[in-house]
Amino acid sequence: MSEKPVRHILGLSGGKDSTALAILLHKEIPEMEYFFCDTHKELSETYQYLQRIKARLGIKIQHLNAERGFDHWLDIYGGFLPSPKMRWCTKKLKIEPLEKFVGDDEAISYIGIRADENRDGYISTKPKIKPVYPFKERGLVKTDIIRLLEESGIGLPDYYRWRSRSGCFFCFFQRKYEWVMLAQEHPDLFAEAVKYEQEHSDGRRYTWTEGENLLELIARKDEIIAEHDKAVAKEKKVASNTSLAEALGSVLDEDDDDDDLPCLACQL
Ligand code: SF4
């Protein structure tokens, strides 16, 4: 009996790094299977970006979690919202769907960690899923990723103007400035995040962002924007030949090396 061939898989998050990885590999590995773990709570910009990737590269992207998104699991967890310390969302919406998708097959999972990042990253505890890091192997850094995106005609995701990461619109890892911008860009989603926060069910105060709830945060929005603008101006002064977009990206990205980050499936 012939052995089942090893599968090649690449998870697209709707972020810049996994997209650049697909650009780099789609011709080299034509049998690559692309997947997207859909939490049902993504920004519309993310879905548009996935469409753009499909059209430009001529690839198919399988959506995992198509039936059961965040709200289903929130019910199962008794209305208890996830947090950096209780990340059931990553487990249920990203890791388990990936492991189900692979089943008992042997697979090589291609991961978009750059050579200028200091992380190994999680993908799966399953021994049959072997992670590989093509950017690291080839010494590709952030400027190479931006170049790949530009040359392909795909470019950066539209949300990159105001937010550095893909993932749920209410992700508790987002910065305070990104919350302010969510309120500006998607007031309906901001209102939904406020509702989640207010309906959190364990009787204790829950806040998506540290130290204040979203209504308190938005009342301070001018202060938060001013702090952010100051950081961008400082970044631009340090690297004087940097464009405004790059300076903004650097400020939003600056905690990329923090250990306390969402799983890579949420982020790259
Ligand atoms: S993006 Fe954030 S909220 Fe969504 S699954 Fe990942 S860690 Fe959880």
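pLDDT is the predictor's confidence in each residue, on a scale from 0 to 100. This structure is a predicted model, and its average pLDDT is 87, with 85% of the residues scoring at least 70. The protein has eleven helices and five strands. Of its 268 residues, 53% count as buried.

**Confidence**
- Over residues 255-260 the pLDDT falls below 50. In the model this stretch still has 14 contacts beyond near neighbours in sequence.
- Where pLDDT is low, the predicted coordinates should not be read in detail.

**The sheet**
- Five strands form an open sheet with parallel pairing, in the order β3-β2-β1-β4-β5.
- The edge positions are held by β3 (61-64) and β5 (129-132). Each has a single partner strand, so one side of each is left without a neighbour in the sheet.
- On average, neighbouring strands of the sheet are turned by 30° against each other, direction ignored.
- β2 (residues 33-37) pairs with β3 in the parallel sense over four bridges. In this part of the sheet, F36 stands opposite H63 in β3.
- Helix α1 (residues 16-25) packs on the sheet and touches β1 (7-11), β2 and β4 (107-110). The direction of α1 makes about 145° with that of β1.

**Nonpolar cores**
- The largest nonpolar core has 32 residues. Those with the most contacts inside this core are F70, F169, F170, W179, L182, Y196 and W208.
- Five helices each supply at least two residues of this core: α3 (70-76), α4 (88-102), α7 (176-185), α8 (187-199) and α9 (214-219).
- Helix α7 gives the largest share of this core, six residues.
- Residues of this core come from both domain 1 (7-159) and domain 2 (176-253), so the core lies between the two domains.
- Leaving aside residues up to four places away in sequence, F169 touches K41, L43, R163, Q174, W179, L182, L189, E192, A193 and Y196.
- A second, separate core has 27 residues, among them I29, Y34, L140 and I154.

**Contacts along the chain**
- Among contacts between residues at least 6 apart in sequence, 67% join residues at least 24 apart.

Technical notes: Residues are numbered from 1 along each chain as its sequence is written. This is a predicted model: local features need pLDDT of at least 70, side-chain atom pairs count only at pLDDT 80 or more; totals for chains, interfaces and linings use all residues. Side-chain values use heavy atoms; hydrogens and water are left out. A nonpolar core is a set of buried Ala, Val, Leu, Ile, Met, Phe, Trp, Tyr and Cys residues joined through side-chain atoms within 4.5 Å. Buried means under 20% relative accessible area, exposed over 50%, partly exposed in between (1.4 Å probe, protein chains only). Domain bounds come from an automatic or database domain assignment. Contact means heavy atoms within 4.5 Å. Two strands pair if DSSP finds at least two bridges between them. Axes are lines fitted to C-alpha atoms, for helices over the stretch in contact, and angles run from 0 to 180 degrees between N-to-C directions.
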